[in-house]
Amino acid sequence: MTAPEPRHLALAAVAVVAVAGLGLAVAGPLTPSEPPARSVPPAASPPPSASTSPSATPSPSPSAVAALPRTRPPQGRLAGDDLYAMSVAASRAAFPGTARAPVVFLVSGESQAQAYGAVPAAAALGGAVLLTRPDGIPRVTAAELDRLDPDRIVLVGGGTVIRAAVARAAATHAPDVERVDGDSRAGTSLALARFAFGTATKAWVVSRDHPEHAVVAAAAAAGQRSPVLVVDGDAAALPAAHAALLRDLGATDVTVVGPTSAVSTGIADDLEDLVGSGGVRRASGADRYAVAAKVNALARPSLSEGVAYLANGRKPTTAFVGAFLAGLSQRPLHYSLPYCVPASVRPALVGTGVSRVVLVGGESSVRRLAGRLEPCRSIEDPSSTWVLVNKRNGLSPRGFVPSDLRVPAMEHAGGHELRADAAKALATMAAASVDAGVGRIGIDTAFRSYATQDALYDSRVASRGRAWADTWYLRPGYSEHQTGLTVDLLPIGRSNCTINDCIDETPQGVWLARNAWRHGFILRYERGHTSTTGVGFEPWHFRYVGKPLAEAYRDGGWNTLEAFLDEPAAPSY
């Protein structure tokens, strides 16, 4: 039965420019007239031809993907000194040892907006994806091209995305250099699909304005060896070029990625007219993390035991590098916050099918805490142990009072109160300092109510001026002390040291700075970070965040809670 024509179809042009050996339209030579001589085996399966006509039917691609080497996923992280080195690390994991890649897709490291389709295209052709600078190939990338020894290099995007200098350099690494360009994000995705796929029963559709969706869709599509197509998600109808391609491929199963706010119901309706009402699914969710989880669930409902990749959902550019490796090895790519795993994602990572999690990016991208699959807690709820309070983030409500305040069971508590968990941890820490032989610690101040903080702040303004007060005392409603999670400590038995100038020079202060993390505390205001915290160096001010976060904070070498939580600096109100 012939599928009905989609409603309200608009035309879109698709262009593929190829060089040196595919017999397609050439807009000026990209290779020298005589490429460097080299001995290479013939290409395993050349990609199908394409033309500028959106309805042209390419020659069928091979039904089976070229034999691939067994990937060697990184032990803990897929990382590198920069995105280009990360891309090379992914390539080395995908093609370990002496394994060759018959084709390499070069993508701009400054913008992957036109290159989502390169990920499944590379997987379908048994090739690799590497990042390049738009005006030249980085040394680390050039070395990897030499190692992969490809027969073809494909430049993804037009001359403004990847410039002629890259094409000239690429010609020294492969006998054939080609450019795939559709003049737009949507057009290039079509061009890449026609370039790599002769037939494909499955396809994925994403919005051009949601890179976070496009990256996980690209990984899922690559895992299925299916194309990903980019659309204007706000459009009322599916473009004619997209419909023509899906018909040519023989697609019968299309997944739309994102809620209706990302890809319109009009596009989904046209897809149903094209492939049938039972052939269209939508991977939706409340946020990008839930959408990614749904994409993975639909792509691989039965997941064999192995690794899962976890990327920072706020950094789709970094996640793109992981998408290639995840897709090629047919493993899921999930999103996390930089420091924790959302509730919508965690079940898939702790369930059957995942034996190990590989983080995508360095510590600055994904914290060790996320790698330990720590569940997310609110950083806005004043009752949360992770609440972030600073000059940008006041407590809500301003007059918040913890419900579980108590005096820590320790000497020299002075009647000061903390929340139950913090009080218990402080008592344990105080005992540990004695056991370590460094001396006793006491509390100078702990919980302070809004009213107490108001009076204290006003008195300091009156005596020292507002500028000085704002450096050392938070305004009422903006102080961590009001959370019941913060304590100012002092050494006991050192009468020649006052709390605000030399605790860091005492045995107790040195020990606290080195060991507070073991008990769930961090030194909140370190020296040299006033521009971030808005507060001067306070070696006595310790904030309870719980052992998991405190350990990850210390292991990752963090200095401010703002940076760890990937939140803006708060130097002023």
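This is a predicted model: local features need pLDDT of at least 70, side-chain atom pairs count only at pLDDT 80 or more; totals for chains, interfaces and linings use all residues.
Local features here need pLDDT of at least 70 and side-chain atom pairs count only at pLDDT 80 or more, while totals for chains, interfaces and linings use all residues. Residues are numbered from 1 along each chain as its sequence is written, and side-chain values use heavy atoms, with hydrogens and water left out.

Trainee: What percentage of the residues of the protein count as buried?

Mentor: The protein has 19 helices and 19 strands, taken as DSSP runs numbered from the N terminus (helices H or I, at least four residues; strands E, at least two). Buried means under 20% relative accessible area, exposed over 50%, and partly exposed in between, with a 1.4 Å probe and protein chains only. Of the 573 residues, the buried share is 57%.

Trainee: How far apart are the end C-alpha atoms of helix α14?

Mentor: Helix α14 has 15 residues, 450–464. The expected span is 1.5 Å times one less than the number of residues, so α14 should span 21 Å. The distance between its end C-alpha atoms agrees with this: 21 Å.

Trainee: Which element do the buried residues of α14 pack against?

Mentor: The buried residues of α14 are Gln 453, Leu 456, Tyr 457 and Val 461. Seen down the axis, they fall within an arc of 135 degrees, so they line one face of the helix; the arc is that of the directions from the helix axis to the C-beta atoms. On the other side, Ala 451, Ala 462 and Ser 463 are exposed. The buried residues pack against α15 (466–472).

Trainee: Are α1 and α10 roughly parallel or roughly antiparallel?

Mentor: Helix α1 (residues 83–94) and helix α10 (residues 316–328) pack with their axes 9 Å apart and at an angle of about 5 degrees. Axes are lines fitted to C-alpha atoms, for helices over the stretch in contact, and angles run from 0 to 180 degrees between N-to-C directions. Angles under 35 degrees count as roughly parallel, over 145 as roughly antiparallel, 65 to 115 as roughly perpendicular and the rest as oblique. That makes α1, relative to α10, roughly parallel.

Trainee: How far apart in space are Thr 486 and Ala 446, C-alpha to C-alpha?

Mentor: Thr 486 is found in strand β17 (residues 486–491) and is buried, with a relative accessible area of 0%. Leaving aside neighbours within four places in sequence, its contacts (heavy atoms within 4.5 Å) include Ala 446, Phe 447 and His 541. Thr 486 and Ala 446 are 40 residues apart in sequence, and their C-alpha separation is 5.9 Å.

Trainee: What is the omega of the peptide bond from Ser 396 to Pro 397?

Mentor: Most peptide bonds are trans. Pro 397 lies in the loop between α12 and β14. The bond from Ser 396 to Pro 397 is cis, with omega near 5 degrees.
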